[in-house]
Structures are given as structure tokens and as C-alpha cells.
Amino acid sequence: MSERILLVGNGGREHALAWKLQQSPLVQHIYVAPGNGGTASIGHNVSNVALSQDNFGELVKFAVDKKITLVVPGPEAPLVEGITDYFREHGPASISVFGPSKKAAQMEGSKAFSKDFMKRHNIPTAAYETFTEHDAAQKYLDENREMKVVIKASGLAAGKGVIIPTTHHEASDALKSIMLDKEFGSAGDSVVIEEFLEGDELSVLSFSDGATICSLPAAQDHKRVNDNDEGPNTGGMGAYAPIPIATPALMDAIHRTVLQPTIDGMAAERMPFRGVLFTGFMVDPTGKPKVLEYNVRFGDPETQTLLPLLQTDLAELMLACCNNYLRAITLDIAPSFSATVVAAAGGYPGSYAKGTPMELKSPAAETYIFHAGTSLSQSNQLTTSGGRVIAATATASDLTTAVSKAYSGMSTISFERMHYRKDIAHRALNRSSPTSSTNTNNNNTPLTYASAGVSIDAGNTLVRRIKASVKSTARPGAGALIGGFGGEISLPLAGYGSTSPRLVTAIDGIGTKLLIAQAMADPSTVGIDLVAMNVNDLIVQGAEPLGFLDYYACSALDVDFCARFVESVAEGCKRANCALVGGETAEMPGIYAPGDFDAGGCAIGALKHGRTMLPDLESMKVGDVLLGLGSDGCHSNGFSLIRKIVERAGLKYTSPCPWSEGESVGRALLTPTRVYVKPLLDVLEKCDGAIKGMAHITGGGLTDNIPRMLPKGLAAKVIVGSWDALPVFEWLRREGRMEAREFARTFNTGLGMVIAVEAKRVEEVVLALKGAGERVYRIGELVDRGEAEGKKGYEEGCWLDGLSTWDL
């Protein structure tokens, strides 16, 4: 017993560190500067000292006077300000500091620095841009309105400098708040705007001596102040560990692709990391981890969660990191689960009262109370002194019990206006619940397209990622732009004569609807789907389809099956009045399993000379009317989720269809995509100039497709319920327990095409479309985007007014 430790800080993390260090036989005494009400009463060999964590000179003087051997800075601020360097320069060599240098602490002190570091060392993270001028940052937001973003103050902001806006308006407000109003002070002198990542968050705390690294189990924090991950961000309202998604394979990938390259990169840049590196990750739906942030110290409340699981001597671990022998230490972790619930003062993270009296009772076994914002009055009364006040942590052999015990621990704490979340570990508990099994009929868990393995947001991110590369191929006559419904080739601009028509192309596939055709041994309709998905993308640009090419791939050629498929392609071409001009059939054993097949296609069309290519963005204005054309069913999108819903409902494709009497589930789902070409071409001729834009409602539903035809200043106001609901969608929504937003961005909901029409000519267009046999609905109008932003049911460019009518 020889180590005398100076622990710097006054939060829940420091209480947990003092509690764990006190258990070490190596430790003689622990001084906590300034400490809190919990560290003041932890035991005979732990003392609070009234020293500021920012006064490095006084801290060094105290350390020398008390013969301190190890300094442990808890919070990020002193590390970023250079406490480690100060002790090395002004203190005796006998004092070790467990924490990185000021240079290494930039990994947390500057988000711009850390993002650039990740880029230099090929560490996976979200795409980003850094700005020091508000106008430039605002311009970037304006030019990328459709992109979901995260806005981060680059400097330290007490865990609150990360804002996740849901609309362009919120993003602009956040930018103003950070850069102009200085909500986070100098931390907002520069900002990082990065792509919003979706998936599961996790945090990994790793000990390092500058070369070797060893990690504690992955934990998951709860940043939002309220249940259901709602409300503003906080420093953290609870955590649990280990988390179910952190499989050995995932943790191996994290160490191999992120953690070790980070430590190696820091050493190569002459800022070796010694201490604890906190790395926040997002694990996307495909299981790939990306870095959200680095912190250069123990997390809070992750520390309170993880230290009760640590069986290795914490003091020995810290000394090994300081003295470069971490590889000689074995990290032992208890085979248990741990959960922490944080109690905050009423009003946090906004303004809150201090000095509120508190009462504590003794917790049960394996339950620990860690103080954060508490202090003792002169009369020895425990009172609140911060936003996050106190936490209860519990361990158990399973997560459900650990969480239950942590909440029992919260019942031993009492103070006025005490607030805590009631759903800590909800993601893991929902995931591990028996009701989450896809084979269970009585499952109330809402299903999403992402849960079926398809990420709409990942597709949108890919488009943004490759847009520049595609654009670089542009040549006279072909702009090489992606993100719309198809591509244009202008023969006049390409040098083929001023009266030549403009060619328009589209390429698409059918998706996992093919699996139902395969299961039913019936390809007689999916060829129509293939044509429809392509030619509908041509007509929305005002182009007439002329030719079509198909591609059919399989393991081994079944002549009859393939012939029936091509015959259905030919039927689709007839419905679109275009020729099947070519195709390719490929047998690829080893690529496809026996019986599997896939198909793709490409349509070529032309825009009649003198006709304006759609959308006509310049002519669109507030008040233009939105018309919807009825769909024939699910068409060709959402089938990964549809198949999952059918499975969970306990149905087979041969089962009687619950929404369509007289046919099987599979037969009903194979209803082909409606081809809108002939009626729309007819209307374009008869009502020249009346139609200003069209959107084919495919993957991404209404919310992702309608904005693709709109200029940046306008939004579509769509009145939910203004068109007939098809029984198949009502069944899917109910059986899938789908949330309204997810329903709207996955399925066409009964509309296969949406058209923007000049208000004065609506009746003319409606009569023409009805005369061509279409079901036509007046579903809304175009409005100023500023009016729509912030409305319930609004996503970038599309306001679904009355979205809540789709709530279950």
C-alpha cells in the first residue's frame, strides 16, 4: 500500500473512480479535488479537498505537499487545457499522470481535429465538412436541404454541443445558436456538419499505454432527457453493459478497424495516447461500425456502469498505462450485466434549482449509489448542486434483473422535482424480448423497413457519396446527374442537329418481390413490374418510352420459367407502347443458389422536340395543385418488409389472402406495378403546359419521392386520407404495427403517381385522366417550404398533414 492518489473532478464518474480505486490494496489514500457529497462520505481513506480543477498551480503544490504518486484527471476540461503537461513540467518525476497530453486531448477538444485525424488514418466515420464562418455553413445547409445532418460545436460543450435537427429550419436555428448566439461560447467558433447515421449506438472505453490497448465491455448511453429518446440532449441519463449487439465479431472489427489504428495513428503523429480513450460508435443496419466521436477520459455515466464489472485492480491498470506495461496486465470482467439510472434536477438540461435537500436510504446488495451534483451543507445535510444529481447502478446475472434492481435503487433516493428516465436499456430489452421473434404471431413490436434489412437512408447517403464521381463523367449533351428519376441525353447539345429529340434513360430492378415469384413458381407478372419501374421513371420527365432491354440472371437456366418471365416483360412493353429491343441471359452457378433468379432492365425514351422536360421547376409556385393517381397495390417496393410481416402473421404465400377474397397471399402480392405511360402521354398532349411535375412513388414512399420533383423553396402539403386506402396497406400497417412515419416512407399507400398541376387547369387534367381510366384524387397543394417546416408530419420537402390518422 503505497499509492497516494489525487483524483480531479466532482461528478458521478469521479465518485465511481474513487469507489473502485479504494478497493485496491495498492492505494493508501485518495484525495478528490473538489469532490462531491458522495466522495465526502465514501470512507476513511478518501477525502475531499477544496481545490479547483482549473487551478493547476495549486493542484501541483497540493500534490507535492501530500506526496501524491498518481494524478487522475476525471473531466475533459483540465485534460484539454493541458493538466498532464503541466504536472510533467512543474511537478516532480515521482508523480505519474493517468491522462493524455494536451496535444493528444485535441481528439476530444476539437471535433474538427478528430474528424481530420480519422480521415488521415482511414478510420470509418460519417462524411463531414468543417466551418468557421456562419454564412458558409448556412450555404452548405441550404445546398443540402434533403440531407439529414448532425451539427456539432467543435470545442468542449459539456456533452451538449451535438444537435440532431429534424428539419432544415431546425438545422439553421442550431447553426445560429452555436455560431452567432454563442450558446456554447468559444466551443462554437467552428462547427462540424456531418451526415446523420442511423443504427445502434455504443460506447467503448479502452485503456492504453500508447501502444497496447484493452477495452471494457461495450456500453450504451441514453442521451435524451426523456423516455423514448425524446427531448434535448444531456450529459447522459443512464447506461447499461454489456450490450447484446456487441458480439465478439463486432468487437473484433472495432478493435481491428478503429481502436488499434487510432492508437497507432496517434503514436505516428507523436502524440501517444496514455489513459482511457472513450470511442462512440454507430453500428449501421449492415453491422458496420463508424466512429461518432472520441473522448479522452472515462465516460459519464458509462463509468458508473462499467466499474462494478471490472475485477482487475484499477490502480494497477492506471499505473500500467502510465509506465508502458499494459501488455502485462490481464483485464478480468465479471460475467454479469450492469445498469445505471441517473436522477436529474427538475428543469435539466435547462435551468434548475440548487441546494434542494435530499434523503437517501440504504440500497440493496449489488446496488450502488454514485453521487454527481451533490454537496454537504455545514449542518451535514445532503443537497443538490448540479443538473445530473445522483445515480443508481446495479449488477445481476441478466440485464432485466440488473435494470429492475437499478430502479429499485432509485426508490432509495428522494428530492423535490427529481426526474429520471423510466426506459433505460429499452433497446436491448425490446430486442431480446420473446415478442420480438418474427415467428411469434402476437408480436406488438413495430416493424420498419430497416428492421427488414433495407436502409432508405443508406441509399440516400450512397447517392450523396457518389454524386461527384458521377458528375465528373459529364460531356456535352449529358449532364451526368443522379438523384432524379432518370437521365437525359440531349442530342442537339451532343452535336447531332438542332432538331434532334432529347433522349431519356432509366434503369431499375424489381427487388425482393422476386422471392415471392420464385416461391410461387410464377414469373408471369414480375416482368411487367420490371418494365413499369423503368418506363414510369421516363414518363415523369415527359418522355415517351421507345425501347426496353432486360437482363435475366440465374444459377441454371430453366427454359420454361425464363420464357414466361420474358413473355411478361413483353406484356409490360405493350402496356407502355415500347419495343423490347434486346436483352441478356446469364447463368452463374456459384453466384446464385439453385432456383434463384434476378432481373434488371433499362428503358430508353425521347422527349418530343419543343416539349419542356419535367419537372418544370421555374414554373412551379405556391398554390399549384397535387393530384394522385391510384396504385394497383404494393407495386415493386417494400417487399423485404412485406415478407417479414407475412412471416410474423404466420401466413404462407399459398394461404388464403386476408385482404383479398378468393386468392392466395402470394397471388395478391404479385399484382403487377401499374404502367401510367399511355394516359399521361395523352394528357401531356391534350393539356399542354398544365402539368409541371410528376413523381413516381417507389422506394421511399411519399416522403422521399414527391420532393424529387420540387424546387428548393417549395414543399408538398399532402392531405392524408384524401385518397382511397387499399385493403392491402391497411392489413400491412396493422399486422406490422407500423408507425405512421415509417408507413409513409416505405409504401406507396395507394398512390402510384403524384402530379403537380396549374391550379386553373385542374379540372381539365382530371377529366382527361379519368377518361383514360385512371383513379384520380386531389390530395393537396404546393406551399412555401418555410410554412411547412416544423409542422407535424413534415420531412424535407413533404408535409403529410394528418399523418397521425395512420397511427395505430
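View 1. Where pLDDT is low, the predicted coordinates should not be read in detail. For the chain, the mean pLDDT is 89, and 91% of the residues reach 70 or more. Because this is a predicted model, local features need pLDDT of at least 70 and side-chain atom pairs count only at pLDDT 80 or more, while totals for chains, interfaces and linings use all residues. Residues are numbered from 1 along each chain as its sequence is written, and side-chain values use heavy atoms, with hydrogens and water left out.

View 2. Follow the order 12-15-18-23-20 and you will find antiparallel pairing; two strands pair if DSSP finds at least two bridges between them. Helices (H or I, at least four residues) and strands (E, at least two) are DSSP runs, numbered from the N terminus. Strand 12 (220–221) and strand 20 (367–371) each have a single partner strand, so one side of each is left without a neighbour in the sheet. Helix 12 (residues 399–410) packs on this sheet and touches strand 15 (238–241), strand 18 (337–344), strand 20 and strand 23. The direction of helix 12 makes about 30 degrees with that of strand 18; axes are lines fitted to C-alpha atoms, for helices over the stretch in contact, and angles run from 0 to 180 degrees between N-to-C directions. Strand 20 and strand 23 (residues 388–396) run antiparallel and are joined by five bridges. Look for Ile369, whose bridge partner in strand 23 is Ala392.

View 3. Ten bridges link strand 10 (residues 200–209) to strand 16 (residues 274–283) in the antiparallel sense, and Ser203 has Gly280 of strand 16 as its bridge partner.

**View 4. Helix 16 against helix 17.** Helix 16 (residues 526–539) and helix 17 (residues 559–576) pack at about 40 degrees, with their axes 6 Å apart. The two helices are therefore oblique to each other: angles under 35 degrees count as roughly parallel, over 145 as roughly antiparallel, 65 to 115 as roughly perpendicular and the rest as oblique. Residues of helix 16 in this contact include Val526, Ile528 and Leu530, while those of helix 17 include Phe565, Val569 and Arg575. By class, the contact has nine nonpolar, three polar and two charged residues; Ala, Val, Leu, Ile, Met, Phe, Trp, Tyr, Cys and Pro count as nonpolar, Asp, Glu, Lys and Arg as charged, and the others, Gly among them, as polar.

View 5. The peptide bond from Asp300 to Pro301 is cis, with omega near 25 degrees, and Pro301 sits in the loop between strand 17 (289–295) and helix 10 (302–306). Another cis bond runs from Leu614 to Pro615, with omega near 0 degrees. Asn228 is not a glycine, yet has a positive phi of about 65 degrees.

Technical notes: Contact means heavy atoms within 4.5 Å. pLDDT is the predictor's confidence in each residue, from 0 to 100.
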